[in-house]
Amino acid sequence: MTPVAETNESLVDLKGALLGMARERGFDALGVSDVAIPADAAHLHRWLDAGKHGEMGYMSKHGTRRTHPEELVPGTVRVLSARMNYWPSEGPGGTSDAFEALGDPEAAYVSRYALGRDYHKVLRNALQGLADDIVAKVGPMGYRVFVDSGPVLEKALARKAGIGWIGKHTNLIARDAGSYFFIGEILTDLPLEVDQPASGHCGTCSACIPACPTGAITAPYQLDARRCISYLTIELHGAIPVELRRLLGNRIYGCDDCQLVCPWNKFARTAAHPDFKVRHGLDAARLAELFAWTQEQFLARTEGSAIRRIGYERWLRNIAVALGNAPATAENQAALEARRDDPSALVREHVAWALAEHAARH
């Protein structure tokens, strides 16, 4: 990093202007923290040692850099954490349409964060713009922007920056915005004044724990990713464990259940950024319709979407499970029969399971 040669006065002025600068770039909140997160580092290492990260090997392969930002980007003394709301629906908390989709076994449920454009590019561009604004104000600085693009323990740093607290479901929660938001970071060598860490406000509430369909929240603040539907439908590359398939219901990409029941999400705000609005009607799509997509249709309709990352094969795998959990209607059975001999062994295995589920119910 390039050392910054600025007066204390200019850094004080910058700190006072940062939130306004962030909001001009589309962010809803911003905070500053130092780089020390020893308690969170210890928690991460216990989680990894217990194997609860499943196949997410990237969580452990970077050594201590994930918990020491100053090792990841030498010269770092501060982390700027920024928040951008993503909920795509109108209304208080915006949950009625989500519960309606979950309650319809023939509808395909996609996690609300993935209904619009991929957040990585949106946030990265906004953070880069904010970094450019800072340089224009105080001169050259050393920095690097991250949006899920490197080993950064972002929730811990965001909590320390005052953005929100980590709830019992292990998601970040803000008192004024619930939990439906993305976060990104700028690691910098600017010795800015830090903000106060956010205090926890879950209290005695534990609504998120029994709400998890697969029991992945094993205790307050403890998540076994190997049972989490977001992990199973997005991160897992192979077969979904048979004992968990019925529990997935109609969730084909991610899961929101633990957030949907969180009382703090009555304060959730609709996304201001147009890129987070629903695309291709994925908030109300039918399972049989999506299962009929060709690979070309999948690629075209998920262009610029976070859904693209799982690829066509896992997309079909997930929908096959959901169709197995759906009513054994003529339409659903025909959709499954059409892929009984799919070129993918992974898809064929899940289709066979789904057809057997229909036969067993008959």
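Q: What lies over the face of F291, and at what distance from the ring centre?
A: R339 does, at 5.4 Å from the ring centre. Keep in mind that this is a predicted model.

Q: And what about the ring of F181, which charged end sits over that?
A: That of R83, and its charged end is 5.4 Å from the centre of the F181 ring.

Q: Moving to ring-on-ring. How many aromatic pairs are there?
A: The count comes to 14 aromatic pairs. One of them is W264 with F267: the ring centres are 5.9 Å apart and the planes stand at 40°, so this pair is tilted.

Q: What about W293 and W315, how do their rings sit?
A: They are stacked, because the planes are at 20° and under 30 degrees counts as stacked. The centres of the W293 and W315 rings are 5.5 Å apart.

Q: Where in the chain are those two?
A: W293 is in the loop between α11 (287–291) and α12 (295–301), while W315 is in helix α13, residues 311–325.

Q: Are W293 and W315 buried or exposed?
A: Both W293 and W315 are buried.

Q: Which residues form the aromatic cluster?
A: Y86, W87, Y113, Y119, Y180, F182, Y253 and F276 form one cluster.

Q: Back to α13. At what angle do α13 and α15 pack?
A: At about 5°, with the axes of α13 and α15 8 Å apart. Helix α15 covers residues 345–361. The two helices are therefore roughly parallel to each other.

Q: Which residues meet there?
A: From α13 there are E313, L316, R317, A320, V321, L323, G324 and N325. On the α15 side they meet L346, V347, H350, V351, W353, A354, E357, H358 and R361.

Q: How do the residues of that contact divide, in terms of nonpolar, polar and charged?
A: Nine are nonpolar, four polar and four charged in the contact of α13 with α15.

Q: E357 is on that list. Is E357 buried or exposed?
A: E357 is buried, with a relative accessible area of 11%. The cut-off for buried is under 20%.

Q: What does E357 touch, leaving out its sequence neighbours?
A: R246 and G324, not counting residues up to four places away in sequence. As for P327, the C-alpha atoms of E357 and P327 are separated by 9.9 Å, and the two are 30 residues apart along the chain.

Q: New topic, A158. Where does A158 lie?
A: In helix α6, residues 154–160. A158 counts as buried, at 0% relative accessibility.

Q: Which residues does A158 touch?
A: S81, I163, G164, L172 and I183, again not counting residues up to four places away in sequence. S81 is 77 residues from A158 along the chain, yet their C-alpha atoms are separated by 5.4 Å.

Q: And R226, where is that?
A: R226 lies in the loop between β9 (222–223) and α8 (229–235). R226 is partly exposed, at a relative accessible area of 36%.

Q: What does R226 touch?
A: Not counting residues up to four places away in sequence, R226 touches A50, G51, K52, G54, Y231, L232 and L244. Of these, K52 is 174 residues from R226 in sequence and 6.2 Å away in space, C-alpha to C-alpha.

Q: Last topic, backbone. What is the phi of D148?
A: Positive, about 55°, although D148 is not a glycine. D148 lies in the loop between β4 (143–146) and α6. D148 is partly exposed, with a relative accessible area of 40%.

Q: What about the phi of H280?
A: H280 has a positive phi of about 55° and is not a glycine either.

Q: Where does H280 lie?
A: In the loop between α10 (257–260) and α11. At 47% relative accessibility, H280 counts as partly exposed.

Notes: Residues are numbered from 1 along each chain as its sequence is written. This is a predicted model: local features need pLDDT of at least 70, side-chain atom pairs count only at pLDDT 80 or more; totals for chains, interfaces and linings use all residues. Side-chain values use heavy atoms; hydrogens and water are left out. Rings of Phe, Tyr and Trp (its six-membered ring) pair if their centres lie within 6.5 Å; planes under 30 degrees apart count as stacked, over 60 as edge-to-face and the rest as tilted. Helices (H or I, at least four residues) and strands (E, at least two) are DSSP runs, numbered from the N terminus. Buried means under 20% relative accessible area, exposed over 50%, partly exposed in between (1.4 Å probe, protein chains only). A charge sits over a ring if NZ of Lys or CZ of Arg is within 6 Å of the ring centre and within 35 degrees of the ring normal. Axes are lines fitted to C-alpha atoms, for helices over the stretch in contact, and angles run from 0 to 180 degrees between N-to-C directions. Angles under 35 degrees count as roughly parallel, over 145 as roughly antiparallel, 65 to 115 as roughly perpendicular and the rest as oblique. Contact means heavy atoms within 4.5 Å. Ala, Val, Leu, Ile, Met, Phe, Trp, Tyr, Cys and Pro count as nonpolar, Asp, Glu, Lys and Arg as charged, and the others, Gly among them, as polar.
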